[in-house]
Amino acid sequence: MGGHVTGAVTALASELPDWVTLLRAPNPGPMTLDGTNTWVLRARPGEPAVVVDPGPADEAHLAAIVAQGPVGLVLITHGHPDHTEGSARLHGMLGGAHVRAADPAHTIGGAPLTGPGQALAGFGLDIRLLATPGHTADSVCFLAERDGQRLILTGDTILGRGTTVVAHPDGHLGDYLTSLELLSTYRGMPALPGHGPALADCGAAADFYLAHRRGRLDQVRAALDTGARTAAEVVAVVYADVDRSLWWAAEWSVRAQLEYLGRESDGGDARLDPA
């Protein structure tokens, strides 16, 4: 979700590496920006590709992924439906290519992703798992390398434009700050996000996100000191510059902030829509 920041948080990548293809799903919206980014990584022509985040169950989008075949592996950054809804259908369309996620519920045909630094079969690519919980409990990023060229696939942990929600209660702000600190060490590497344009420097983007989150925490503290008591009251003060149609999502982050500050939250869930 974009907060008061609507532009890119750091310089955009001038171009994608020649072993990366972006397929953007046709599901634009306030939570998905231009749509979900499906990334296709292929070490060399003829090698099986690795697909990151199939996106929604849109037949045309899934057909576009299949047209990039052969595909040897599908990876999931986290379990929200705009990233995973098409997984089962794609698994069948690809003849059973494994779909691997940290959450077993989103893993099809293979083993769930496990510990940090786990090496994944990359078909000529070096792909390693980075555990980056916070946006959701199951959020991960991937460090991918070919011939010394490295990049980070960030899912919704870092977006190409604006900032992301901490989807309380599944998401956790303390975990998220720790994940951003980890990503801030990947200096000078492009960030390929789950939504929005690719960024030139993952570390710089993580630095911005950390500063933004700490600034929001200061604002929440100030709102509490001046009498705000519920998450909704804090949102009305701290997120006054955000479109009111998105305040329901801002409440996720506020509940996470209140929990982090040791203040009581007023409940909530981790759905991607206000219905």
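Predicted model: local features only at pLDDT ≥ 70, side-chain atom pairs only at ≥ 80, totals over all residues.
Residues are numbered from 1 along each chain as its sequence is written, and side-chain values use heavy atoms, without hydrogens and water.

I placed arginine 146 in strand β8, residues 140-146; strands are DSSP runs of E, at least two residues, and helices runs of H or I, at least four, numbered from the N terminus. Leaving out residues up to four places away in sequence, I listed its contacts (heavy atoms within 4.5 Å) as Asp18, Trp19, Ala43, Arg44, Gly124 and Leu125.

Next, threonine 38. I found it in strand β2, residues 37-41, and it counts as buried because its relative accessibility is 0%. I noted that its side chain reaches the backbone oxygen of aspartate 53 at 2.6 Å and that of proline 54 at 3.3 Å. Its C-alpha atom is 6.0 Å from that of leucine 22, 16 residues apart along the chain.

Last, the cores (buried Ala, Val, Leu, Ile, Met, Phe, Trp, Tyr and Cys residues joined through side-chain atoms within 4.5 Å). I found 25 residues in the largest nonpolar core, Ile158 and Tyr209 being among those with the most contacts inside it. I saw that β8, α4 (173-183) and α5 (202-225) each supply at least two residues of this core, with the largest share, six residues, from α5.

How values were computed:
Buried < 20%, exposed > 50% of the residue type's maximum accessible area, 1.4 Å probe, protein only. Polar contact = N/O pair within 3.5 Å; in protein donor to acceptor, adjacent residues only side chain to side chain.
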